[in-house]
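This briefing sets out selected features of the structure shown below, grouped by topic. Please read the points alongside the sequence and the coordinates.

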Amino acid sequence: MTQLLYMETFGCQMNERDSEIMAQLLGEHSYVQTDTPEQADVVVVNTCSIRGKAAHKAYSCFGRYKKLKEKHHDFILAVTGCVAQQDGAALLERMPYIDIVMGPQSIYALPSLVAAFRRDRKPLVATDLSAEFIIPPFLPNLAEGPAHKRFITIMQGCDNFCTYCVVPYTRGREISRSFADILAEATHLVEQGVKEITLIGQNVNSYGKKGDAAQHKSFPELLRAVAGIDGLKRLRFTTSHPKDLSEDLMRCFAEIPVLCPHFHLPVQSGSNSILKQMNRKYTIESYLDKVARLREYRPDIALTTDIIVGFPGETDDDFAATMQIMETVQYHGAYSFKYSDRPNAKAADFPGKVAEEVKTGRLARLQARQEEIALAFKQAEIGKAVEVMVEGASKAPANQWSGRTGTNQIVNFSCERKLVPGELLVVEIEGACQNSLRGKMI
Ligand code: SF4
């Protein structure tokens with residue numbers, strides 16, 4: 001009998017991909033996704049706790065499901081992701097209406113956990129982290145997620161222990177998936193019509209550094225192999241740690257035609273003393289050197305970054321150095337946040353916490369400047385013809401479509417004919433606003 005599944009996902013692309021995997025796993029047990037939680041037999045909430053704000057969003061969403069349960073909707077509520085891993089059994093004590101708590105390494109057991117709960121009606125917790133965890137081989141069912149572009153998880157966890165970050169405690173130690181599995185999954189996807197693949201992991205630059213050397217190769221080798229799949233039009237990857245960015249990887253941007261000219265390179269701070277406190281293991285000088293090398297290999301590359309303001313001990317001078325790095329690099333985009341203490345993360349115990357209003361003021365200044373820089377990049381595109389991959393039709397008006405450039409900019413454009421997501425075409429850019437470009441197909 002068909003059962004209905006409702007999924008709510010917070011956070012990063014790793015979580016988005018994990019949600020697709022869970023939907024597929026339950027799909028193999030006759031679950032079909034629904035858009036309305038009121039109708040669901042199983043609700044899965046995939047949480048993120050990278051920042052305090054993200055974790056609060058998850059907690060407030062649990063409250064909504066509590067209310068739904070009180071209205072006698074009899075569904076199984078399963079919580080996964082980093083909040084589930086972090087809080088474990090304590091989550092069940094505080095919120096007894098949750099039925100299953102499972103960490104990111106346990107998502108592959110979701111069907112058996114749901115079956116066990118149905119049978120025994122007893123709450124379940126699955127949050128073991130194993131150093132030997134292997135990402136199961138997986139050939140995705142295209143019923144889940146978009147048909148023209150997909151994520152492939154190439155590694156899990158992280159060994160870097162940046163002092164502000166929970167990931168090594170919630171996703172476990174770094175593990176690379178086998179080269180052959182990834183290639184088989186990518187080949188399968190392209191054979192099914194997928195045009196764009198994004199390889200994802202917490203730090204893809206260190207892919208293959210841990211594990212069976214006979215099985216694992218380097219990340220540049222993986223990129224070259226996936227890029228060689230006949231029919232693949234675009235290849236992307238995220239996220240990268242600057243300390244592990246090799247010359248060989250930078251060279252890929254000059255040598256692999258389908259590799260999109262976009263690099264997300266988190267800087268986090270412009271101050272060497274703060275970077276040291278963050279345990280980032282690079283200096284601003286070495287970071288800027290890599291930025292320059294990347295631009296030599298691919299002059300049109302768009303760089304984006306992550307920045308934390310108000311890390312413990314951050315002075316006005318440290319923050320000025322972060323503002324300076326934005327001027328020097330000129331990022332196409334930046335995800336910027338106020339520092340918040342995270343459970344288990346070392347920096348939670350650091351002295352010199354920055355006052356909330358100071359963090360708020362610094363973040364506002366940084367974001368205002370970044371918006372100007374990003375808008376200037378977009379305005380510089382006006383009059384140019386750019387290649388766009390079609391994402392889909394706009395809801396209104398008619399004949400309006402949306403797509404993305406290789407640099408990952410959204411382009412809204414007009415075209416009289418019906419287009420297919422994944423189609424590549426050329427658009428003349430006529431206008432720019434903060435979040436997108438506008439043009440017409442030529
Ligand atoms: S590299 Fe640092 S910030 Fe990124 S996941 Fe690992 S510990 Fe967290």
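Glutamine 13 counts as partly exposed because it has 14 C-beta neighbours inside 10 Å, whereas a buried residue needs 20 or more and an exposed one has 12 or fewer. The model is predicted. The chain is assigned domain 1 (3–126), domain 2 (131–260) and domain 3 (385–441).

**Glutamine 13 and helix H1**

- Glutamine 13 is part of helix H1.
- Leaving aside residues up to four places away in sequence, glutamine 13 touches Phe151, Ile200 and Thr238.
- Buried residues of H1 include Met14, Asp18, Glu20, Ile21, Met22, Leu25 and Leu26.
- Asn15, Ser19 and Ala23 of H1 are buried as well.

**Nonpolar cores**

- The largest nonpolar core holds 97 residues, and Val42, Ala78, Met102, Leu110 and Ile154 have the most contacts inside it.
- Helix H1 (residues 13–27) supplies six residues, the largest share of this core.
- Domain 1 (3–126) and domain 2 (131–260) each contribute at least three residues to this core.
- A second, separate core has ten residues, among them Val411, Ile429, Ala432 and Leu437.
- With residues up to four places away in sequence not counted, alanine 78 touches Val42, Val44, Asp99, Ile100, Met102, Leu110 and Val114.

**Domain 3 and distances along the chain**

- Between the C-alpha centres of domain 1 and domain 3 there is a distance of 35 Å.
- Asparagine 435 sits in the loop between strand E18 (424–432) and strand E19 (437–441).
- Glutamine 13 and asparagine 435 are 422 residues apart along the chain, and their C-alpha atoms are separated by 20 Å.
- Asparagine 435 and lysine 281 are 154 residues apart along the chain, and their C-alpha atoms are separated by 33 Å.

**Ligand surroundings**

- The residues around the ligand are Cys158, Asn160, Phe161, Cys162, Cys165, Val167, Pro168, Gln202, Asn203 and His241.
- By class, this shell comprises six nonpolar, four polar and no charged residues.

**Backbone geometry**

- Threonine 238 and threonine 239 are joined by a cis peptide bond, with omega about 5°.
- Threonine 239 belongs to the loop between strand E11 (234–238) and helix H9 (247–255).
- Arginine 121 is not a glycine, yet its phi is positive, at about 55°.
- The loop between helix H5 (110–120) and strand E6 (124–126) contains arginine 121.
- Arginine 121 is exposed because 9 other C-beta atoms lie within 10 Å, and 12 or fewer is the limit for that class.
- Asparagine 408, a residue other than glycine, also has a positive phi, near 75°.
- Asparagine 408 is located in the loop between strand E16 (400–405) and strand E17 (410–414).
- Asparagine 408 counts as partly exposed because it has 15 C-beta neighbours inside 10 Å.

Conventions:
Residues numbered from 1 in each chain as written. Predicted model: local features only at pLDDT ≥ 70, side-chain atom pairs only at ≥ 80, totals over all residues. Near = placed C-beta within 6 Å. Nonpolar A, V, L, I, M, F, W, Y, C, P; charged D, E, K, R; others polar. Domains from an automatic or database assignment. Core = buried A, V, L, I, M, F, W, Y, C linked by C-beta atoms within 7 Å. Helix = DSSP H or I, 4+ residues; strand = E, 2+ residues; numbered from the N terminus. Contact = placed C-beta atoms within 7 Å.
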